[in-house]
Amino acid sequence: MKKILLLIPIMFLPIGCTLKSSTISNDGIVDKPKITILEERSLIYPSKNGISFSEISDLSYDEKNHKLYMVGDKGNFYTFSADFKDKITKLDYLSAHKIYEKKRASKRYDVEGLTHDDRGKLYISFERQARVSSISKKGYIQKDKKLPKELRKRKNYRSKNKMLEALAWHKKYGLLTVAEYPLHRKKRRNQTLYSLKGKKWHFKAEKHKHSAVTAIEVMDDNHVLILERAFTDVFEPLFITLKKLYLNECNSKNLCKTEVLARYVGQVALNIDNYEGLAKVGKNRYIMVSDNNNKSILSTKFIYFKVNQ
């Protein structure tokens, strides 16, 4: 989904954020947000290796090797050298590659999810193709992973552009994924988190119309941080929600508890803050990244934040 969006936090302002013709509103849900913004950055880079830095959809941080990897909607793979402390102390753009594979040529891979396992091996998930694959650090697609049965067929999704939007690695359950919207014939708020090992957890999407999962990440306590976006119309508010899914607090129908940590609301304006990616970069510390809608004059936004315990 590509929209021109201005994001404004409900309960606090990110450092360096300037508000224009907008107001901060509180939807009455998050009285005390459990997130603290540490730093916000706007990134614009020239093309590297003939590849523009644009339309970032997800990222993953290898803390051991201080490498931050990103993927984009146009099938690009980016590598940064990065360090995160109280602020972002290092963020150096190293390389860009086109994602490719031998078995078939494609002008575009719509890559939406990115993560790495406990050995540093990288994995991506796709829209337009129901796939999760391992990938090299130069963008070569290596091997497809076997999906749970209900995720394999395109007809089970609401559309080809609403497929495997998010990806994360869990030390117990392995690769986790979520479709942007619940599968076809399911109620729009009845979302499901899938483990490629076969286990699944159900949870309620937020009440806002068209609320969709855009990213997931595993937290220090092994529960899951979820990023949701709800966009209806250019004249309607955009909602961005960060919430926690408790994997071990589920009822007899496997409907699991969620807790909203922070919510943002904004209007369509002259800026783009369409947050689609999420990565854990340290203990209780994460970054969110925005999609710049492939507009060269617009920046990619980073928000570095911590979850308060």
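## An enclosed strand

Strand E7, residues 122–126, is largely enclosed by the rest of the structure, because five of its five residues are buried. In this predicted model, the cover extends to both faces of E7. Leu-122, Ile-124 and Phe-126 are buried on one side, and Tyr-123 and Ser-125 are buried on the other. In general, the side chains of a regular strand alternate between the two faces of the sheet.

The charged end of Arg-131 sits over the ring of Phe-126, at 4.9 Å from the ring centre.

## The neighbours of E7

Strands of a sheet pair through backbone hydrogen bonds, in either a parallel or an antiparallel manner. Strand E6, residues 111–116, runs antiparallel to E7 and is joined to E7 by five bridges. Within this pairing, Thr-115 has Tyr-123 of E7 as its bridge partner. The hairpin of E6 and E7 has five residues between the strands, and Gly-120 in this hairpin takes a positive phi near 90 degrees.

Strand E8, residues 132–135, is also antiparallel to E7, with four bridges joining the two. Here Ile-124 stands opposite Ser-133 of E8. Five residues separate the strands in the hairpin of E7 and E8, where Arg-128 adopts a positive phi near 70 degrees.

## The chain as a whole

The protein chain contains 20 strands and zero helices. It has 309 residues, of which 56% count as buried. Among contacts with a separation of 6 or more, 53% are between residues 24 or more positions apart. The chain exposes about 14000 Å², and carbon and sulfur atoms supply 49% of that area.

## A sheet of four strands

Four strands form an open, antiparallel sheet in the order E1-E20-E19-E18. Strand E1 (35–43) and strand E18 (274–282) are the edge strands, each of which pairs on one side only. From one strand to the next, the twist averages 20 degrees.

Within this sheet, strand E19 (residues 285–291) and strand E20 (residues 300–307) run antiparallel and are joined by five bridges. Tyr-286 stands opposite Phe-305 of E20.

## Aromatic pairs

A search of the whole structure finds 15 aromatic pairs. One of them is formed by Phe-53 and Phe-80, an edge-to-face pair with 5.8 Å from centre to centre and 65 degrees between the planes. Phe-53 lies in the loop between E1 and strand E2 (56–62), while Phe-80 belongs to strand E4 (residues 76–84), so the pair ties together parts that are 27 residues apart in sequence. Phe-53 is buried, at a relative accessible area of 7%, and Phe-80 is buried at 0%.

The rings of Phe-84 and Tyr-304 form a tilted pair, because their centres are 5.4 Å apart and their planes stand at 55 degrees. Phe-84 lies in strand E4 and Tyr-304 in strand E20, so this pair ties together parts that are 220 residues apart in sequence. Phe-84 is buried, with a relative accessible area of 13%, and Tyr-304 also counts as buried, at 0% relative accessibility.

## A ring cluster and a charge over a ring

Ring pairs link Tyr-45, Phe-53, Tyr-78, Phe-80 and Tyr-93 into a cluster. Elsewhere in the chain, Lys-257 lies over the face of Tyr-246, at 4.7 Å from the ring centre.

Conventions:
Residues are numbered from 1 along each chain as its sequence is written. This is a predicted model: local features need pLDDT of at least 70, side-chain atom pairs count only at pLDDT 80 or more; totals for chains, interfaces and linings use all residues. Side-chain values use heavy atoms; hydrogens and water are left out. Two strands pair if DSSP finds at least two bridges between them. Axes are lines fitted to C-alpha atoms, for helices over the stretch in contact, and angles run from 0 to 180 degrees between N-to-C directions. Buried means under 20% relative accessible area, exposed over 50%, partly exposed in between (1.4 Å probe, protein chains only). Contact means heavy atoms within 4.5 Å. Accessible areas come from the Shrake-Rupley method with a 1.4 Å probe; for residues, only the protein chains shown count as cover. Rings of Phe, Tyr and Trp (its six-membered ring) pair if their centres lie within 6.5 Å; planes under 30 degrees apart count as stacked, over 60 as edge-to-face and the rest as tilted. A charge sits over a ring if NZ of Lys or CZ of Arg is within 6 Å of the ring centre and within 35 degrees of the ring normal.
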